[in-house]
Every structure is written in C-alpha cells, then in structure tokens.
Amino acid sequence: MSEQEGITVKKSDDFSEWYTQVVQRAELADYAPVQGCMIIRPNGYALWENMQKTLDQEFKKLGVRNAYFPQFIPESFLKKEAEHFQGFVPECAWVTIGGNTELGEKLAIRPTSETIIYSMFSKWIRSWRDLPLKINQWCNIVRWESATKFFVRTTEFLWQEGHTAHTTKEEADKMMMDILKTYQRFIEDYLAIPVLTGKKTDKEKFAGALTTTTLEAFMPDGKAIQMGTSHNLGQNFSKVFDMKFLDKSEKEKFVWNTSWGVSTRMVGALIMAHGDDKGLVMPPKIAHTHAVIIPIFYKTTEKKKVLKKAKDVKKKLENLKVILDDRTEYTPGWKFNEWELKGIPLRIEIGPKDIKKKQVVVVRRDNGKKITIKESQLTKKISRLLEEIQKSLYRKARKLLKDNIRTVKNYEEFKKVINEKKGFIRACWCGNESCEEKIKDETGATIRTIPLKREKIFSNCICCGKKAKEVVYFAKAY
Ligand SMILES: [Zn+2]
C-alpha cells in the first residue's frame, strides 16, 4: 500500500462518482459478489454501531424493549393486510425450497416485520394490563433492488424496526410523535444533519398505515433523502391479526399500533452531507475516532523523544477515542492524507520543536485550520474543539438546507426551479392525488412532507390552479 488512492473528482463536479470513491477509498463499504448487495467494512460499520448505541438508549427511555423475530414470513401473513401486501410484494425475495423439499407455502425474506410480529402480539395481548406493548428489533431487511447505491439503496440493509400496541388512537399518536422527536434530536444533534419533519401524503405513506410521519434531509446534489419514518398504523393490522384486549369495563377492543424505523441509509446521508473533496468528514459525536496523533521526526535521534511525548498525549486524552499512528513505514504527509480521507475530526502533530515549546499542533478536518495548543490545556481545548466542529458542521448543513428551500407560486416557476436548482420547493397544493401524480410524472418531484404545523396558504394549487388546502414541500428524492 505505498501508492495512495485519494479522491480524484470534486464533490461539486460529479457528486455520484465522488460519493462512490469516498465510500470505497475511505473503506466504508465495498461491492458484494451478489448483485444489489454491499459489504459494510469496519469503518462504515463503526458508524452504524455508534448510531445503534445512541438510539437504543433513547428507545429504552421510552419503555421499548428489544426482541428478535424470524426473517422468514409466510406468504399468507403478508396477504392478510391487502394494502401492505400490494406495497411490498413487488420487492419481495421468496424462499420456495428448504433443503431438498419444496415448501408448501412460500416464505418471504422479511421486507418489514409488521405481520410476523403482530401475529405474536395477538397471542400475548389479553387485557389492558398487557398494554402498551413496545418492542424493537435490530435486524437485516431484504427488498429486491436492481441498482446499487452504497448505504442508500441496496437489496439487503440493516435497520431497526419498532412495533408497539396501545389502547387508544391518542396513545398511538403520541408514540409515533415521541419517536419522530427522538429521531429528529438524534439526526440533528449527532449526525449534524438538519431535517424537515411532517406527514406523508396518502400516496406516499407506508403501505397499511393510517398516518406516516417522516424526516427529510437535503443532500448537496439537490436531492432529498428520507432519513426515517414513524407510522400510526391505526387498527388496520389489529383487525386482520385479531389483536384484541379487554378494556377496564371488560369490553373487547382492537389495539392501535405504531411502527417506526431508521436504517444504514443514515450512514450514506452522513457521508453525502459532510464529506468534501478530500474524503469523509465525521461529526465528532458519531465518529469512531476523535483524533489521530502523528509523531513527526526526521532524525532517529529525535524518534524516541517524540514517540514518548506522543504516548503521553494519548494518555492525557484517554477519555476520548484517540489513535496514535506510529507506523514508521509511512511519511507524516502520507498519514495526513490517509486520515483526512477517513474523516477523523482532529489531527494532532507532535515534533521536536513542539516538545521544546510544550505544545502540540492540531488540525481540524472540517475546515483545515491549524491551532497551537499548550500542553497544559490539552484536554480542555481538544474537547472544546470537538464540540465546535460538531456545531459548525450542523450550522453549515442548516444554512445549505435553508438556502435550498424555495417558495414558488406557479407551475412554470416550479418546473424551472426543479430543473435548474433542485432542492426543496415550498408550494401550495389542493390535496388531490391527481395533481400530485401529474407533478411527479412531469418533473420527477414528489411531496416529501406536509408540515405538522400547518403553514399559511399563499397561492392556489401549483398544478390545477384551484383552491389550495396545504402548503407542502416537494423535492426529487433518493
Ligand atoms: Zn391541484
């Protein structure tokens, strides 16, 4: 590995090629021998692990417990809820043979687990005392895809799916919203990606849901990406899976369900949102490594002294995730490039001059700025720098989002913006699916979200010109 493979295209010139290069050269993921699939390498998996860790704690605060269900789902289960079946069948992978035996009933490899989980809920729920029931599982999902886009679109991916049952619609609505807020906090605070939240239209909602809420982020190529969804499933599944409970007056009632999920797609969004021409940029709160120490010496007489100091510095920063790159087969310059490509938030350089001056030189990955820090202030200053980087990445992404929300009042303008600038378009809509479909067919843009807090109508429907019902946000999306 003497020849270093950096990023050879600019993010602003060829976004798609830039993304593929960052993913592969920062060793986040690789193509799998199976079409449509990817391999998540340790650098990418470490990001997912940190996301899991943080979210798992948040779910537990809401009284959610983890469990595990089989990945094989009988066809008859999927068929029980008609909309759900129609929504998922086009992308299902099926098992028809086990060993040498042809199966009596086809088994789908889970595209989502509502049906198998609710078949068990119906056994476990008897009375109001068993509710609410809040289950989550971390697992893999298969949805057949012909095209591969690392982390964003693959046949198999990793996610969490939460499934809950409640006594009332209000309780289910609250659960759906609690999760939406939890996701939003996580995505904004940890991934440093601002999101628009709101409801999906009937056309865009989850197959079988009453209400779908969503978190939509802006990617620097002008497209939107759905970061997660949280649904109130109403009683659609409880009626077909017979999930009933006896209420306090001994009356039999159907439960209200929610389901919600986020996936490894968030890793893709993080790469796209913050990466630059040198490679990945990791927000410190989700990074697997906060800083890399690089000892710099040119004479062997300096080596011992510099390495000793580097180890001392690492020891002082033991409350952070710090690595010491003391490999001697690579030059400092080579190492700088490698860790920049891999997105480590801070680089700490230590050379003989720095030792004399009792200082270290720190370089920020996000803006390339060099800062000299006195050894005596090391711990405090490094922690502060990491906080600053986290905030600064968020601010930058928020400005980009704001600059890319454009309000338009007529369809001509709409088409011009979607073709030339992309981003989110804020426009008024009559609420009819025919207009929604026409806009999608003609421009490729879909309604990403209807804000939860209704915004004031400022024009007629962008498409048909009739009276508008909602202010909505359109975009082309991943
Ligand atoms: Zn209309």
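Predicted model: local features only at pLDDT ≥ 70, side-chain atom pairs only at ≥ 80, totals over all residues.

**Helix 2 and its surroundings**

Mentor: The crossing of helix 2 and helix 6 is right-handed. The axes of helix 2 and helix 6, the latter spanning residues 169-189, come within 11 Å and cross at roughly 145°. On the side of helix 2, the contact is made by Met 51, Thr 54, Leu 55, Glu 58 and Phe 59. Helix 6 contributes Ile 179, Thr 182, Tyr 183, Arg 185 and Phe 186. Sorted by class, this contact of helix 2 with helix 6 has 6 nonpolar, 2 polar and 2 charged residues.

Helix 2, which covers residues 42-61, also crosses helix 8, residues 265-274. The axes of these two helices come within 10 Å, and the crossing angle is roughly 115°. The crossing of helix 2 and helix 8 is right-handed. Here Leu 47, Trp 48, Met 51 and Leu 55 of helix 2 meet Met 266, Val 267 and Leu 270 of helix 8. The class count for the contact of helix 2 with helix 8 is 7 nonpolar residues, with no polar and no charged ones.

From the helices one may turn to the pockets. The largest pocket has a volume of about 1300 Å³. Its lining is made up of 44 residues, and those nearest the centre are Glu 91, Arg 143, Arg 153, Glu 204 and Gln 226. Several elements each supply at least two residues of this lining: helix 4 (82-88), strand 8 (156-166), strand 11 (224-234), strand 14 (256-263) and strand 22 (446-449). By class, the lining of the largest pocket has 13 nonpolar, 15 polar and 16 charged residues.

The second largest pocket holds about 250 Å³ of space. It is lined by 19 residues, and Lys 199, Lys 200, Thr 201, Asp 202 and Ile 450 are the closest to its centre. Strand 10 (211-218) and helix 14 (433-443) each supply at least two residues of the lining of this second pocket. That lining divides into 5 nonpolar, 5 polar and 9 charged residues.

Next come the sheets. Strands of a sheet pair through backbone hydrogen bonds, either parallel or antiparallel. Val 292 has Arg 347 in strand 17 as its bridge partner.

Another open sheet is formed by 3 strands in the order 4-6-5, with antiparallel pairing. Its edge strands are strand 4 (72-74) and strand 5 (93-98), each of which pairs on one side only. The twist in this sheet averages 45° from one strand to the next. Strand 4 pairs with strand 6 (residues 101-109) in the antiparallel sense over 3 bridges. Pro 74 stands opposite Leu 107 in strand 6.

Finally, two details of the backbone deserve attention. A cis peptide bond joins Leu 131 and Pro 132, with omega of about -5°. Pro 132 is found in the loop between helix 5 (114-124) and strand 7 (133-142). Glu 27 has a positive phi of about 55°, although it is not a glycine. Glu 27 has its place in the loop between helix 1 (15-25) and strand 1 (29-31).

Technical notes: Residues numbered from 1 in each chain as written. Heavy atoms only, no water. Axes fitted to C-alpha atoms, helices over the stretch in contact; angles between N-to-C directions. Helix = DSSP H or I, 4+ residues; strand = E, 2+ residues; numbered from the N terminus. Left-handed = near helix turned anticlockwise from the far one by under 90°. Contact = heavy atoms within 4.5 Å. Nonpolar A, V, L, I, M, F, W, Y, C, P; charged D, E, K, R; others polar. 1 Å grid on protein atoms, 1.4 Å probe; cavity = no way out; pocket = protein on both sides within 12 Å on 5 of 7 lines; lining within 4 Å. Points joined across faces, edges and corners; volume = space filled by probe spheres on them. Pairing = 2+ DSSP bridges.
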